[in-house]
Amino acid sequence: MDKASAAAATAFLLIAVAALHAQALSLEQLRQTSKIVRNMCLKKTGVDLALVEGIQEGQFPDNQDLKCYMKCCMGAMQVLRQGRYNVNAAKNQAEKMLPPDLKDRFLSMLDACSDRGDGADDDCEMAYQLTKCSYETDKEIFLFP
């Protein structure tokens, strides 16, 4: 991970940890916090902002820049590294950051999609498949930077 990526991931985690000491974050607070990762990965991948904004609306075009944006975000959140999706790291983050009324649904979504990226040609495709599955599983609580 380059210095900019490490700094953005660290900032994201520090904000999340600081909020945890007070209480779990709401879905809206998580969306606001995730903008740090979003901005870093927008710059790193050069993906069109309209494509990124479409993710939250369930728009998943077959676009390599968008797929690699998803990989960047998942890497910054420490859940996708060297071709492996770490569902336990994702669950750990969910346990710590989500309010109780969302936690069980989010954990179920993670379980439902944990193997979706298996057999993908590359990390970008894996991230795309995992993200798309998450949206399709529970779009009401879907959250992606």
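**Entry 1: α3 and α5**

I looked up how helix α3 (residues 35–45) packs on helix α5 (residues 64–76) and found an angle of about 135 degrees, with the axes 9 Å apart. This is a predicted model, where local features need pLDDT of at least 70, side-chain atom pairs count only at pLDDT 80 or more, and totals for chains, interfaces and linings use all residues. Residues are numbered from 1 along each chain as its sequence is written, and side-chain values use heavy atoms, with hydrogens and water left out.

My terms: helices are DSSP runs of H or I with at least four residues, strands are runs of E with at least two, and both are numbered from the N terminus. Axes are lines fitted to C-alpha atoms, for helices over the stretch in contact, and angles run from 0 to 180 degrees between N-to-C directions.

I noted that α3 and α5 are therefore oblique to each other. (Under 35 degrees counts as roughly parallel, over 145 as roughly antiparallel, 65 to 115 as roughly perpendicular, and the rest as oblique.) The α3 and α5 crossing is right-handed. (Right-handed means that the near helix is turned clockwise from the far one by less than a right angle; anticlockwise is left-handed.)

Next I listed the contact, which means heavy atoms within 4.5 Å. From α3 come V37, R38, M40, C41, L42, K44 and T45; from α5 come D65, C68, Y69, C72, C73 and A76. I sorted these contact residues into nine nonpolar, one polar and three charged. (Ala, Val, Leu, Ile, Met, Phe, Trp, Tyr, Cys and Pro count as nonpolar, Asp, Glu, Lys and Arg as charged, and the others, Gly among them, as polar.)

I checked α6 and α7 next: their axes come within 10 Å and cross at roughly 170 degrees. The two helices are therefore roughly antiparallel to each other. V87, A90, K91, A94 and E95 of α6 touch K103, F106, L107, L110 and D111 of α7. I found six nonpolar, no polar and four charged residues in this contact.

Then I took α7 with α8, whose axes come within 9 Å and cross at roughly 130 degrees. That makes α7 oblique to α8. Their crossing is right-handed. M109, A112 and C113 of α7 meet L130, C133, S134 and T137 of α8. This contact has five nonpolar, two polar and no charged residues.

**Entry 2: the cavity**

How many cavities of 30 Å³ or more are there? I count one. (On a 1 Å grid over the protein atoms alone, a cavity is a set of points where a 1.4 Å probe fits but cannot get out; a pocket is an open set with protein on both sides within 12 Å along at least five of seven lines; lining residues have an atom within 4 Å of a point.)

The largest cavity has a volume of about 430 Å³. (Points are joined across faces, edges and corners, and a volume is the space filled by probe spheres set on them.) I found 23 lining residues, with M77, Q93, F106, L110 and L143 nearest the centre. The lining has 19 nonpolar, four polar and no charged residues. α6 (87–97), α7 (100–113) and α8 (123–137) each supply at least two of the lining residues.
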